[in-house]
Amino acid sequence: MKKTVLTGLILLFGGLTLVAQSGQYSHEGHFYAGIQQGPMLNIYENYFSYVENKKPLDLITFQAALVGGYDVNEMFGVRLTAGYAKNAAACNTHNTSAHGFYPYTFSSINVFADAILDLQGMSDRLTAFRIKLYGGLGLGHSFNMTDSQHPWQAVQDPSTAFGFRLGGIAEYNIFENFAMYLDVCGEAYSDEYNGLLPSLKDQTDVYEGYGGFPFDLRGLISIGFIYRFGQF
């Protein structure tokens, strides 16, 4: 019985390998849908206070997103994502008398429209493994801000910010219509995304405790799965 199961697994794995290596996958004209999730690095105002207070790992949270897209041809595609995340931020540290640690968390819904370039699709030989680059524009809506207990700095709740992002995808087609992928992405939002918007004086005088950078940043790594529907 064990030999039969082992033989079956070997044949199944070998069959999947041969199918994946056949390179006969065409993405052109296919709609697809899927899901992705993974860890996220939060880099907002005063993120360094997490390091100073020996809690750098608290800057890593998790996110997930629903994905829908369309492959225009082998080279170009478009994609919409709607994601949810828990975020970690902090209020001003160095300008307070106690120089305390004032962390807070918040939830966010993030929607992006991406334009995708398939590098493998630019060649004559299509394979099961694809490397893609993309850029996108979107919106981030932040809400459910927890209380940081800061003595004077207020956090706006809720807050909506414009965003843009750049990323790369390593995709592997397990079957003709089913694929898994790794998505690495960097996102930037206008400065009010985390509920804090430094004043003109803050930005001009570059008070210690503000980054002075006009964007709130997130770094995301996601594992995803997509299903491609019949060609349209």
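Predicted model: local features only at pLDDT ≥ 70, side-chain atom pairs only at ≥ 80, totals over all residues.
The protein chain contains 3 helices and 8 strands. Along the sequence these elements follow the pattern α-β-α-β-β-β-β-β-β-α-β. Of the 232 residues in the protein chain, 42% are buried. The accessible surface of the chain amounts to about 12400 Å², and carbon and sulfur atoms account for 69% of that surface. Among contacts between residues at least 6 apart in sequence, 73% join residues that are at least 24 apart.

Aromatic rings were then examined for pairing. Counting ring centres that lie within 6.5 Å of each other, the model holds 12 aromatic pairs. One of these is formed by F31 and Y70, whose ring centres are 4.4 Å apart. F31 belongs to strand β1 (residues 30-43) and Y70 to strand β2 (residues 60-71), so the pair ties together parts of the chain that are 39 residues apart in sequence. Both residues fall in the partly exposed class, F31 with a relative accessibility of 38% and Y70 with 22%.

A second pair, F106 with Y193, has its ring centres 5.8 Å apart. Here the planes stand at 75 degrees, so the pair is edge-to-face. This pair also links distant parts of the chain, as its members are 87 residues apart. F106 is located in strand β4 (residues 103-118), whereas Y193 is located in the loop between β7 (178-190) and α3 (200-205). F106 and Y193 are both buried, in contrast to the partly exposed F31 and Y70. F106 and Y193 are moreover members of a cluster connected by ring pairs.

R79 lies over the face of Y134, at 4.5 Å from the ring centre. R228 is positioned over the face of Y32, and in this case the distance to the ring centre is 5.2 Å.

Methods:
Residues numbered from 1 in each chain as written. Heavy atoms only, no water. Phe/Tyr/Trp six-rings, centres within 6.5 Å; stacked < 30°, edge-to-face > 60°. Helix = DSSP H or I, 4+ residues; strand = E, 2+ residues; numbered from the N terminus. Buried < 20%, exposed > 50% of the residue type's maximum accessible area, 1.4 Å probe, protein only. Lys NZ or Arg CZ within 6 Å of the ring centre and 35° of its normal. Contact = heavy atoms within 4.5 Å. Areas by Shrake-Rupley, 256 points an atom, 1.4 Å probe, with all protein chains shown as cover.
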